[in-house]
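Dear colleague,

I am passing on to you the structure below, together with a summary of what was found in it. Please read the summary alongside the sequence and the coordinates.

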Amino acid sequence: MKFLKEFKEFAVKGNMMDMAIGIIIGAAFNKVIDVLVKKVFMPPLSLMTDGLNYQDKKYILREAVTNAQGEITTQQVAIEYGVLFETFLDFLIVGLTVFIVVKGMNRLRDKAQDPKNKVVKTPKDIELLSKLTELLEEQNALLKKPKKN
C-alpha cells in the first residue's frame, strides 16, 4: 500500500510527466541528430576525402568463408571503426547542442533570479527573499547606529 501511495505522489507531482516528455523529445532529437550527421555532415566530409564512405570503413580480423555454392559458412569478423567515427560525431553534436541549450537556460535563469533586473519577471520566492534581505540589512544598520544620550 505504501509503495502505491508513493508512486501516486510521484506521478501526480508531475515528475513522471516531465520524464516522459523529456524521453519523447530526446528520442526525436536523436533522430534529428542522426540525420544531421549522416545526411548533412558526412557527405561533404566524404567528398573532401575523395568519396570515402566512413560507415563502410572497417578492419577485417577474419574474412567470410563461403562454400562451393556461394553460401557463407563463416561470418566475417571486423572492427567497424567507421561506424564508431559516425557515432562519435553524433555524440559531439549532441553534447555541443545540450551545452548550448543549458548555457542559454542558465543565462535566462540567472536573469530571472536577479531582483534588480526589471526586464525579466523575477519569481515570487526570489522577490520575497530579496525583500527580506533588504529588511534585515536595514534592521542591522539601525541596530549598529550609536545611541544618542
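Which residues does Q76 touch, not counting residues up to four places away in sequence? Q76 touches K58, I60, R62, E63 and A64, where contact means heavy atoms within 4.5 Å. Before the remaining findings, a note on the basis of the work is in order. This is a predicted model, in which local features need pLDDT of at least 70 and side-chain atom pairs count only at pLDDT 80 or more, while totals for chains, interfaces and linings use all residues. Residues are numbered from 1 along each chain as its sequence is written, and side-chain values use heavy atoms, with hydrogens and water left out.

Overall architecture

The protein has four helices and four strands, and from the N terminus on its elements run α-α-β-β-β-β-α-α. The radius of gyration, taken over C-alpha atoms, is 30 Å, well over the 15 Å that the globule rule gives for 149 residues, so the protein is more spread out than a compact globule. That rule is 2.2 Å times the number of residues to the power 0.38. Helices (H or I, at least four residues) and strands (E, at least two) are DSSP runs, numbered from the N terminus. Along its principal axes, the C-alpha trace spans about 115 × 55 × 25 Å.

Of the 149 residues, 11% count as buried; buried means under 20% relative accessible area, exposed over 50%, and partly exposed in between (1.4 Å probe, protein chains only). Among contacts with a separation of 6 or more, 33% are accounted for by residues 24 or more positions apart.

The nonpolar core

The largest nonpolar core has six residues, namely I33, V37, M42, Y54, L89 and I93. A nonpolar core is here a set of buried Ala, Val, Leu, Ile, Met, Phe, Trp, Tyr and Cys residues joined through side-chain atoms within 4.5 Å. Leaving aside neighbours within four places in sequence, V37 is in contact with M42, P43, E86, L89, D90 and I93.

Individual residues

Q76 is found in the loop between β3 (72-74) and β4 (77-79). Is Q76 buried, exposed or partly exposed? With a relative accessible area of 30%, Q76 is partly exposed. The C-alpha atoms of Q76 and V65 are separated by 7.5 Å, and these two residues are eleven apart along the chain.

D34 is found in helix α2 and counts as partly exposed, at 27% relative accessibility. D34 and T73 are 39 residues apart in sequence and 34 Å apart in space, C-alpha to C-alpha.

E9 has its place in helix α1 (residues 2-12) and is likewise partly exposed, at 38% relative accessibility. The C-alpha atoms of E9 and Q139, 130 residues apart along the chain, are separated by 42 Å.

With kind regards
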